[in-house]
Amino acid sequence: MAAAPAVELRGITKHFPGVLANDHVDFEAAAGEVHALLGENGAGKSTLSHILSGLYRPDEGEILRDGSPVDFHSPRDAIDAGICMVHQHFRLVERFTVAENLILGDRRGAGRNFRIDPGAVEATVRDLGIRYRLPVDPRARVWQLSVGERQRVEILNALYQQARVLILDEPTAVLTPDEAEALFETLRDMVQEGRTVIFISHKLNEVKAVSDRVTVLRAGRVVATVPTAEASPQSLASLMIGRTLETIVRRRADTSGGDVVLEATDLWAESDRGSTAVKGVDLAVRAGEILAVAGVAGNGQRELAEAIAGVRARARGTVRVGTKRLRAGDPRDAYHAGLGFVPEDRLGMGVAPNLSLSMNIDLKAYRREAVGPFLRLAQMRERALAAIHRYDIKAPGPHAEADTLSGGNIQKLVLAREFGGRLKVLIAASPTRGLDVSAVDTVHRHLLEAAEAGVGVLLISEDLDEILALADRIVVMYEGRVSEVERRDDVDEIAVLMAGGTPST
Amino acid sequence: MNNSLLVVLIASGVAYGTPLLFGALGELLAERSGVLNLGVEGMMLVGAVMGFWTVQRVHAGSAVALIAAVAVAALAGAATALVHAFLVITLRASQIVSGLAVTIFAGAAGLSSYLGNDLNLADVPASHTFHAFFPARMQNWPIVGPIVFGQTPLVYASWICVVAVVYYLARTRPGLNLRAVGEAPGAADAMGINVVAYRYVHTLIGGALAGVAGATFTLAITPQWVSGITGGAGWIAIALVIFAFWRPELCLVGAYFFGALQALAPELQARNISLGPTELWTNSIPYAATVIVLVIVSSRGGRRRLGAPAALGVPYVREE
Amino acid sequence: MRFTVERRLNQPRWLVVAVPIGSVVVGLAVSAVVLLATGHDPLSSYRQLFDAAFLSTGSLNQTLIAATPLAFTGLATAAAFRMRIFNIGAEGQLYMGAITGAAAGLYLGGRGGPSAFVIAAMVFMGCIGGAAWAAIPGVFRAFFGASEILTSLMLNYVAAQILTYLIFESQSYWRQTKGFNATVFPTGKPLPSSAIWLGPTVHVQGGITLPLGAGFAVLAAVVLWVLYRRMRFGFEVQVLGDSLGAARYAGVRVRRKVLAVMLISGGIAGLGGVSQDGDFRHALDGDPNGLQKQAYGYTGIVVAALARYNPFAVVVIAFLIGGLANAGNTLQGADFPSGLVGVIEGIILFCALGGELLVRHRVRFVPRTRTPAVAAPEAAP
């Protein structure tokens, strides 16, 4: 007789303004298994997990826990039912200590008391840390911890709350390959105790490595649920995407003879926290070349891109576009020299979210286009209209506010703007993050077109597949330093460099 | 010795500082939940007028009348705070504009005057007032006499409040939850804490304490009602919370310090001591000092360790 | 049944005007209820207010007197808010402008009719005084990241102390020291006749004087609108007001902008201050029960909020609120409830704040459905 599944979702439907995130989804996970939820960005995985963990309420459908229907009004109810989520963007109070964060969610055992006793909690945290290989100092304040450590705190929190079902949302996005491996071991330990782990990811290799079964979501619907052992990466990929994607194979043009359009020498820059993020980086990009910087997020890529583009101050070093030396910390100087920058944080930096498309198109060009101090608003509108047509941006008109656009269309807007200048070099930082497949395709096409036209492209990305498909040369960034990859097609060499090791020749 | 300038200043400082302390404690709790309440002055005035009205109307012994008056003042303050809370928490209006609207609505040119004049409360002495609690014999003891034992029960109540708030924040679950709500409402929500409820409750408590602060004026300090009797104490209370780095025990110190400053100029005058433009300095120092504290807590090192609750002033929206 | 609040995907134009007007209407209705509840006849009170504000003889004069400073402080607040900077210090900046402007008038003025040169100098110095006072919170915000809300608020009180000190507690340049009255009650030195701002007279209601300051306020509104909507400066202000990240990305010099906006805001408030000297009081008013009781700065914030920070709307609303304030003053007495003005203003503002939600969001009622796990089979077409 089969026991009821640990959790089951039936007919879950959820609407957001303008989009149907989950469409009658059926899902179940058993005790003692790692069940992966696989899908592209925007397929509805996060929404589903938020419903399961009580943050969202479904418009239709049921949730069952151990066979009995439950109704979650808040995350509290889900936690009480033993379902706990480890979020992609951590939900921790930075100013509190680790122990205080754990006390915060605790309703069972010692947590029922009105008075709090940090000492007891600290002891428990230490024990859990040893048992599950997640060592963390319970007295440390969260703002002092590294990203990997913060994730450990989140997992410890779930364990402390005696969660039987853990949901992890893209946990390896911020981990090195080694840390990811350690995480998988921890997950296997937990599952052996009869817990259930629901593992959300869009990375095929991880899903293959750690899960027992996998459910594939596409456009809000469940496409398939299969035992992992029976599925091949190709079959999973085509289920995820819905068609076989033609991999763009870049024509490897020989660009070694081209002019150097971007040169960074001995570049040093600090992070927002005050630590050194970029340590003496040397880079050169030639005209028509795509140079890719690979690496796990958090190794200084963001600071590197911002320092070169002038958005961030440089502690030391020089940046040249062509023959012109750029002034540090001056984005206008970089722009006028012919440097375009597609930033990693689309909504926070790439556009002014509540301003119109017209204003966003001219975000950098407004000075050049103005007559003295006066703007030419009619021409601004025209430029926006032209961009909307040329780049096929889906928007009601140039007056639309930028953040009403979908992620893909926002990126098209950014590209339209950056390509509008007299471009010599383009820095693209994680340009396809969070985009659906067709948008990714479009962005790649534009990058290739730019390279064909002689623009030097510096592509910074965590997506190794993307890099392998597009790049002429690859360097790997690890802890602020950059190493050249000798054999461009050797994935192992790249992986080793990404983890900070030295490749064997 | 009990008539020396220092002792008198400290004793007066405690007396004048008590409404500041009540107001600051209330504002501190509201701000710790993430709600900035600029309407404290208005709430104090409403508490002042309603407390006075109660004491004139209740025909009972002194103690009963006074306790009823304080209770009514607290309720009036809380009711006013309810408007602010509804606007900024449920309707997500700007906390700053809403707070100022409350001050205008309830302030010296608004509801409190409306009520005071309509109910004919002006120019009449209070039927009952708070007197010093301890016997005169104890009040004459050196130094501690006037400072500690010469105060009204409201002062002692304020001490109890300070202790309660300190304990609440540092050692209890709800206090921890409150701090989380003010620092990272998203995290608190994910942990199952009802952010909206915490904000409402603590904003209302803030209003209640502001009401009590107002009552302190009409029932203890100047036992009479005049339009605008608080004279800006609400604003000083807001400043005080910052000056005290959002810590209740420092609110006590700060309140008495500011209170003593208020007493300084008249005392010097009474003793015919002239130190130049004293009033200019003593009245400006609380505000100038707060500006300096603000700059310190905003600096990069300060913000993490010392500063305001991180989510102060930002409406919380759970993306549904 | 529960209701959800969703962000609107586009904002219909009519809503932007309809909601504020609707809030005023609702606000008046609620105030009427309050009046009824306390035994006053709302219709009669409103009629009296309107009459005293705009219709009766001399009322327009008084209304303009009340409205002019509100236009300045409203514009000052709006100018800063366009960049999401909350300048609560218009009150103190107004005082400082009054001080510096009066100094210019006293020093440069002489006999004879109003002199364009003297008035221009007063305008200049008034703006400088307000701007300098606003520079303090501006610098703290730009260079230290300290919230301008509280710093500017605190400085209001310091400015008030300084103002009182100059007239009441010292024998300063601004203080009147001659004459018998001077020993009885401290007053400011009267401005010389060439420093008095005499505006044109219009033959309405038996002749009203348009204060020169009112004209300056309208001019300031126009300049502000052009600056923010049609010039590069305004473009940068809008970007910075929307997103710090995008502004830095675009190369906007953030610190300079913050400081510049505070200076503009303070300058306008300071102009309001010197207008008080030149148009109305003809001396520096340091009386704690005089200029300082009027709360022009704080009311200006209300005006700006109701006008949704649009410069032209600010002028219009300043006129209306000025009328209300004037009426409240005129009618004060046993028959007419005092404090009513504050109550009505407050209620209207509450309704406007509540209505603001409707402009950006849509409120829907969603029936809570619990569909069964097995859907009923659909009939084949």
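Student: What makes strand β3 of chain A and strand β9 (residues 213-218) of chain A a pair, and in which sense do they run?

Tutor: In this predicted model, five bridges join β3(A) to β9(A), and the two run parallel. Pairing requires at least two bridges, so the two strands count as paired. Within this pair, Gly39(A) stands opposite Leu217(A) of β9(A).

Student: Why is strand β3 (residues 34-39) of chain A called largely enclosed?

Tutor: A residue is buried if 20 or more other C-beta atoms lie within 10 Å of its own. Six of the six residues of β3(A) are buried, so the strand is largely enclosed by the rest of the structure.

Student: Which residues of β3(A) point one way, and which the other?

Tutor: Val34(A), Ala36(A) and Leu38(A) point one way, while His35(A), Leu37(A) and Gly39(A) point the other way; all are buried. In a regular strand, side chains alternate between the two faces of the sheet.

Student: What makes a residue of chain A part of the contact with chain C, and how many residues does each chain give?

Tutor: Two residues are in contact if their C-beta atoms lie within 7 Å. The contact takes 34 residues from chain A and 22 from chain C. On the side of chain A, 19 are nonpolar, six polar and nine charged.

Key:
Residues numbered from 1 in each chain as written. Chains lettered and ligands numbered in written order. Predicted model: local features only at pLDDT ≥ 70, side-chain atom pairs only at ≥ 80, totals over all residues. Nonpolar A, V, L, I, M, F, W, Y, C, P; charged D, E, K, R; others polar. Buried ≥ 20, exposed ≤ 12 C-beta atoms within 10 Å, placed from the backbone. Helix = DSSP H or I, 4+ residues; strand = E, 2+ residues; numbered from the N terminus.
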